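Here is a friendly walk through one protein chain, in questions and answers.

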Amino acid sequence: MSTATSSESFVHPALFYRGTEQYTAGTVPFLLEGLAAGEAVAVAVPGPNLELIKSEMGASAAKVKFLDMTQAGRNPGRIIPGVLRAFADAHPAGRVRIIGEPIWAGRSSVEYPACVQHEALINAAFQGREVTILCPYDADGLEPEVLADAHATHPVVIDTGIERTSDAYDPEQVVARYNQPLEHPPGAASLTFDADALPQVRSFAVEEAKQLGLTGDRLQDLTLAVAELTTNSVVHGGGSGTLRIWAEGKQIACEVLDRGRLTDPLAGRRPPARDQLGGRGLMLVHYVTDLVRLHTAEDSTTIRIYLNR
């Protein structure tokens, strides 16, 4: 696969596949080439596809790190720091090769904007790194709009074994297009807060979540996320904010709106430097929740979290 030997440091092709035969034909040789070149190799794809690759690789599978993306990448905002960067940073010497499949037919319409933004942001997160990330797309199971977005987020697309440069490649435009206003139900419980009201707003969120059926560890996760988001509003978001919380299907949705403006699209997705002050709170929120959606306007930022009940 020529993308693996590109002269560019970071390589990010999309692989369009139809059926299991095309899937293994596009992924297994890619992995074997990496192993033959002495590269560190990882696979993060949905469980059934994980088993397909393992079966085809035989004994060579023991040399590969495997992750079920439906678990490790359930929250798309967790994939760059917790899956891709975690593996690449653990192997700083030489090229790293990864298969990452963050978008599959079971992704919900609420999750999808965060997924496609993730694919766009990979390009900035790994710029200049000696990393190849191959992203498979089920061309039969995914909507045409999803495949069109793949052309916009990947500089190279491989389809039926043919590799082409994508004329539609424009990851910055994708990030901006999916920076969508987040609508909330008119009856959502809400509370405005400032520094003096931080204990009150946190208690309010916890009590509302309990009433909506959140318990145990999930309730603790919400407590931690709300503490991070509300503190951030007071410190960086103009000194005050508004918290809303409601039930949405099998999930609890909770959002914090403030007057801050989040200018870094990788905030929360890029591990901060060891000596960096701040920058860890939003990443922690990604780790303890099942989905994070953001909307940045000219004079405000909304961060919405989802937790499964």
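Q: Which residues of α1 meet α2?
A: This is a predicted model, so the answer describes contacts in that prediction. On the α2 side, the partners are Asn49, Leu52, Ile53, Glu56 and Met57. On the α1 side, the residues asked for are Thr20, Tyr23, Thr24, Thr27, Val28, Leu31, Leu32 and Leu35.

Q: How many nonpolar residues are in the contact of α1 with α2?
A: Sorted by class, this contact has four polar residues and one charged residue. The nonpolar residues number eight.

Q: Are α1 and α2 oblique or roughly antiparallel?
A: Helix α1 covers residues 19-36 and helix α2 covers residues 47-57, and their axes come within 10 Å. The axes cross at roughly 60 degrees. That angle is why α1 is described, relative to α2, as oblique.

Q: Which strands stand at the edges of the five-stranded open sheet?
A: The sheet has antiparallel pairing, and its order is β9-β10-β11-β13-β12. An edge strand here has a single partner, so one of its sides is left without a neighbour in the sheet. That applies to residues 189-194 and 291-296, which are β9 and β12.

Q: What is the average twist from one strand to the next in this sheet?
A: The strands in question follow the order β9-β10-β11-β13-β12. Going from one strand to the next, the twist averages 15 degrees.

Q: Which residue in β10 is the bridge partner of Ala189?
A: Strand β10 spans residues 240-248 and pairs with β9 in the antiparallel sense, over six bridges. Within this pairing, Ala189 has as its bridge partner in β10 the residue Ile245.

Q: Which helix lies across β9 and β10?
A: The helix in question runs at about 165 degrees to β9. It consists of residues 198-211, and its name is α8.

Q: How many nonpolar residues are in the contact of α8 with α9?
A: The axes of α8 and α9 come within 10 Å and cross at roughly 150 degrees, which makes the two helices roughly antiparallel. From α8, the contact draws on Leu198, Val201, Arg202, Ala205, Val206, Ala209 and Lys210, while α9 brings Leu219, Leu222, Thr223, Val226, Ala227, Thr230, Thr231 and Val234. Three of the residues in this contact are polar and two are charged, and the nonpolar count is 10.

Q: Is the crossing of α9 and α10 left-handed or right-handed?
A: Helix α9 (residues 216-236) packs with helix α10 (residues 281-288) at about 160 degrees, with the axes 9 Å apart. Because of that angle, α9 is roughly antiparallel to α10. Arg218, Asp221, Leu224, Ala225, Glu228 and Leu229 of α9 meet Gly281, Leu282, Leu284, Val285 and Val288 of α10. As α9 passes α10, the crossing is left-handed.

Q: Which residue in the turn between β7 and β8 has a positive phi?
A: Strands β7 (residues 156-159) and β8 (residues 162-165) run antiparallel and are joined by four bridges, with Val156 opposite Thr165. They form a hairpin with two residues between them. In that turn, a positive phi of about 50 degrees belongs to Thr160.

Q: What radius of gyration does the protein chain have?
A: The C-alpha trace spans about 60 × 35 × 35 Å along its principal axes, and the chain has 10 helices and 13 strands. With 309 residues, a compact globule would have a radius of gyration near 19 Å.

How values were computed: Residues are numbered from 1 along each chain as its sequence is written. This is a predicted model: local features need pLDDT of at least 70, side-chain atom pairs count only at pLDDT 80 or more; totals for chains, interfaces and linings use all residues. Side-chain values use heavy atoms; hydrogens and water are left out. Axes are lines fitted to C-alpha atoms, for helices over the stretch in contact, and angles run from 0 to 180 degrees between N-to-C directions. Angles under 35 degrees count as roughly parallel, over 145 as roughly antiparallel, 65 to 115 as roughly perpendicular and the rest as oblique. Contact means heavy atoms within 4.5 Å. Ala, Val, Leu, Ile, Met, Phe, Trp, Tyr, Cys and Pro count as nonpolar, Asp, Glu, Lys and Arg as charged, and the others, Gly among them, as polar. Two strands pair if DSSP finds at least two bridges between them. The radius of gyration is taken over C-alpha atoms; the globule rule is 2.2 Å times the number of residues to the power 0.38. A crossing is left-handed if the near helix is turned anticlockwise from the far one by less than a right angle, and right-handed if clockwise.
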